[in-house]
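Please walk me through this structure in plain terms. I would like to know how its parts are arranged before looking at details.

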Amino acid sequence: MKETIYHQWKRLSLVETQTVLPDGRNHRHHVIRHPGAAVILPILEDGRLVLLNQFRPAVNQWLLEAPAGTLEGDECSLEGAKRELEEETGYQATSWHSLGSALPVPGFCDEVQHFYLASGLTQTEMNLDDDEFIQLRLMTVAEARARIASGEINDNKTVALIARADYQGLLPQPQS
């Protein structure tokens with residue numbers, strides 16, 4: 001398969017590729033090549049979730065979202081998750097559980113997001129990039145569910161990650 005790179009920025013590339021469609025025809029298609037990302041749902045000992053209020057220049061908004069980041073070089077997704085958790089939240093985790101993966105925008109990008117639940121957290125120090133503006137937001141599972149239902153949490157990776165953990169029965173249940 002022949003690809004032409006039109007633009008490259010950091011670890012992303014805009015390419016034109018020839019694709020063979022299911023009916024056998026060749027089709028010229030434009031794709032953003034992405035090395036993949038790790039998305040983490042950190043859970044404190046008391047059951048609260050560690051989320052971020054992060055400024056996103058692309059939409060010029062602060063978004064409530066899970067810690068996440070692009071994989072670097074030949075880094076495996078778990079190593080990327082560990083690195084991003086500490087950089088963005090200032091926590092390290094002793095327990096990691098894979099929640100699978102998702103394709104956030106398969107219409108034009110090949111990014112795979114690898115989901116993890118992190119627990120056994122101990123506080124270290126945040127190490128933000130120069131262009132990252134992040135505030136930690138601790139909330140209960142019930143608060144996170146309510147904010148998803150109201151649309152206040154509207155970041156797809158965060159909604160999918162919390163749903164995946166919930167459907168697998170891995171989120172702390174309210175005390176009765």
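Two strands count as paired if DSSP finds at least two bridges between them. Strands (E, at least two residues) and helices (H or I, at least four residues) are DSSP runs, numbered from the N terminus. The model is a predicted one, in which local features need pLDDT of at least 70 and side-chain atom pairs count only at pLDDT 80 or more, while totals for chains, interfaces and linings use all residues. Residues are numbered from 1 along each chain as its sequence is written, and side-chain values use heavy atoms, with hydrogens and water left out.

An open sheet is formed by three strands in the order β1-β2-β3, with antiparallel pairing. Its edge strands, β1 and β3 (26–33), each pair on one side only. From one strand to the next the twist averages 20°, where axes are lines fitted to C-alpha atoms and angles run from 0 to 180 degrees between N-to-C directions. Strands of a sheet pair through backbone hydrogen bonds. Between the antiparallel strands β1 and β2 there are six bridges; Ile5, for example, has Val15 in β2 as its bridge partner.

The loop between β1 and β2 holds Lys10. Most residues other than glycine have a negative phi. Lys10, not a glycine, has a positive phi of about 50°. With 58% relative accessibility, Lys10 counts as exposed (exposed means over 50% relative accessible area, buried under 20%, partly exposed in between, with a 1.4 Å probe and protein chains only). Asn60, in the loop between β5 and β6, also has a positive phi, near 50°. Its relative accessible area is 58%, so Asn60 is exposed.

Next comes the largest pocket, which holds about 1400 Å³ of space. On a 1 Å grid over the protein atoms alone, a pocket is an open set of points with protein on both sides within 12 Å along at least five of seven lines, and lining residues have an atom within 4 Å of a point. Of the 39 lining residues, Leu12, His34, Arg56, Thr70 and Glu111 are the closest to the centre of the pocket. Elements that each supply at least two lining residues include β2 (12–20), β5 (49–56) and α3 (156–167), and α1 gives the most, with four.

Finally, UniProt lists residues 32–161 for "domain: Nudix hydrolase" in an unreviewed entry; such annotations may be inferred rather than shown by experiment. Over residues 32–161 the chain is 22% helix and 41% strand, with the end C-alpha atoms 23 Å apart.

How values were computed:
On a 1 Å grid over the protein atoms alone, a cavity is a set of points where a 1.4 Å probe fits but cannot get out, and a pocket is an open set with protein on both sides within 12 Å along at least five of seven lines; lining residues have an atom within 4 Å of a point. Grid points are joined across faces, edges and corners, and a volume is the space filled by probe spheres set on the points.
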